[in-house]
Amino acid sequence: MKRSVTLVRLVFTLVFAVGVAAQLAAQPDVHTVADKVDQRYNHLQTLEAQFSETYSGAGMTRTESGTLTLKKPGRMRWDYDQPRPKMFLTDGTTAWFYVPGERQVRRAPVKQLDDLRSPLRYLLGKTKLEKEFVSLAIATDAKPVNAGDIVLRGIPKGMQERVAQTLVEVTPDGLITRIAVEELDGSVTEFRFLQQRENVQLADQHFRFTPPPGVEVVQGTELVQ
């Protein structure tokens, strides 16, 4: 009897071990996922997407939305339309933030910019995701918004003094659908990307900004919204 119980336990243990091993083998490898992202975005010339941006912190939650456009090399434009129009733009060297109707426009050198949106320029650069994030890894404890997606965790290089962690949700074919940035103060800014269109026609002029007459240009490194 004891021998039979022992055999049953042994078989159960082996079956459990094989199941765990198979599950671990099926888990994606961070290098493989990062390579898929690199291959997808490094072959793009332009990208257009609808986005939503949700900020949670200091006892408040704010949601905004609009259109994001990117073009190589390093050009990016966020056109917000809800709840009010505003624009964040980088032309490769200079970043601008402007709210129509205001008397000031903010300007900052891209290399000195302290803004959570600025690292997203890597989406259209000849670069590697693992070089853009410190300690990039599969976030096995983070549930994806879309079933079947994979969630990566890391910290954008150069933002360690501000950001605690960043979650990047990726489809099986390497498309980034969500980025959630948690800052050291506990606040979280989440970007979701919908209706993404690759290699659309975007004129260079779309990424240039000239301040309207009478609008004062304010220099800085942080473009406060």
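A charge is said to sit over a ring if NZ of Lys or CZ of Arg is within 6 Å of the ring centre and within 35 degrees of the ring normal. That rule comes up in the last of these close-ups, and the model shown in them is a predicted one.

View 1. Phe 51 counts as buried because its relative accessibility is 3%. For Trp 78 the figure is 0%, so this residue is buried too.

**View 2. Trp 78 also pairs with Phe 191, this time tilted.** Here the rings sit 5.3 Å centre to centre, and their planes make an angle of 55°. Once again distant parts of the chain are linked, with Trp 78 in strand β3 and Phe 191 in strand β11 (residues 188-198), 113 residues apart. Both Trp 78 and Phe 191 are buried.

**View 3. Zooming out to the ring cluster that holds Trp 78.** Ring pairs tie Phe 51, Trp 78, Tyr 80 and Phe 191 together into a cluster.

**View 4. Lys 86 puts its charge over Tyr 80.** The charged end of Lys 86 lies 4.8 Å from the centre of the Tyr 80 ring and sits over that ring. Tyr 80 is also one of the cluster's rings, alongside Phe 51, Trp 78 and Phe 191.

Notes: Residues numbered from 1 in each chain as written. Predicted model: local features only at pLDDT ≥ 70, side-chain atom pairs only at ≥ 80, totals over all residues. Heavy atoms only, no water. Buried < 20%, exposed > 50% of the residue type's maximum accessible area, 1.4 Å probe, protein only. Phe/Tyr/Trp six-rings, centres within 6.5 Å; stacked < 30°, edge-to-face > 60°. Helix = DSSP H or I, 4+ residues; strand = E, 2+ residues; numbered from the N terminus.
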